[in-house]
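Visitor: Could you take me through a close look at one part of this model, and then out into what surrounds it?

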Amino acid sequence: MREHIELIRKKIEHLHRMKVYLDYSLAQTLPLMPISDWQALTPEQHETLAAFRVRFSDFQEQLGKTMRAIAREEEQQTEPFSVVLIYMAKLGILDTVEQWKLIRELRNAVNHEYEENTDRLSEFFQELTKATPALFVWLGRIVVFCESTYS
């Protein structure tokens, strides 16, 4: 059991490192919002958006893996993932399961429709920038839960 808690600790440390880069990408992306003319963006600005998209996606993915690890440690069911989400909401880590799912759908949409429809893409990026603080809040709540439960 102790080594599983160590795994959770390492996942949280990794998320903290990822947060620094996502926060940086968010700060670089916000001045570009809203994007009205994709053709006017410089290659550096496209790179900024691509980095933000990838970092957002990776951060949410790792956050989900950490939540699953916590559920496993707490001897909760971990399949399907919606059970993990319900448990995280019960713990107060997530505000609602629906919020996680909406952000996940947004993340999937921007990854699959990247550069296909610029109007939709603009909306997706605006929504990603608005959703990023929620990811950071959830990480903070995970840290609080783990510190109070496993320390």
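Visitor: Where is Pro 34 found?

Guide: Pro 34 is found in the loop between H1 and H2. Before going further, please note that this is a predicted model, in which local features need pLDDT of at least 70 and side-chain atom pairs count only at pLDDT 80 or more, while totals for chains, interfaces and linings use all residues. Residues are numbered from 1 along each chain as its sequence is written, and side-chain values use heavy atoms, with hydrogens and water left out. Helices (H or I, at least four residues) and strands (E, at least two) are DSSP runs, numbered from the N terminus.

Glu 75 counts as exposed, because its relative accessibility is 71% (buried means under 20% relative accessible area, exposed over 50%, partly exposed in between, with a 1.4 Å probe and protein chains only).

The axes of H1 and H2 come within 9 Å and cross at roughly 160°; axes are lines fitted to C-alpha atoms, for helices over the stretch in contact, and angles run from 0 to 180 degrees between N-to-C directions. H1 and H2 are therefore roughly antiparallel to each other (angles under 35 degrees count as roughly parallel, over 145 as roughly antiparallel, 65 to 115 as roughly perpendicular and the rest as oblique). The residues of the contact of H1 with H2 divide into 17 nonpolar, 8 polar and 7 charged. In this sorting, Ala, Val, Leu, Ile, Met, Phe, Trp, Tyr, Cys and Pro are nonpolar, Asp, Glu, Lys and Arg charged, and the others, Gly among them, polar.

H2 also packs with H4, at an angle of about 140° and with axes 10 Å apart, and that makes H2 oblique to H4. Among the H2 residues that meet H4 are Phe 56, Leu 63 and Met 67.

What lies inside? The largest nonpolar core has 48 residues, and those with the most contacts inside it are Phe 59, Leu 63, Met 88 and Phe 125. Such a core is a set of buried Ala, Val, Leu, Ile, Met, Phe, Trp, Tyr and Cys residues joined through side-chain atoms within 4.5 Å. H1 (2–29), H2 (43–73), H3 (81–91), H4 (97–112) and H5 (118–150) each give two or more residues to this core, and H5 supplies the largest share, 15 residues.

Leaving aside neighbours within four places in sequence, Phe 59 is in contact (heavy atoms within 4.5 Å) with Leu 15, Met 18, Lys 19, Leu 22, Leu 135, Phe 136 and Leu 139. Ile 70, found in helix H2, counts as buried because its relative accessibility is 0%. Residues up to four places away aside, Ile 70 touches Ile 8, Met 88, Ile 142, Phe 145, Cys 146 and Tyr 150. One of these, Met 88, is 18 residues from Ile 70 in sequence and 9.0 Å away in space, C-alpha to C-alpha.
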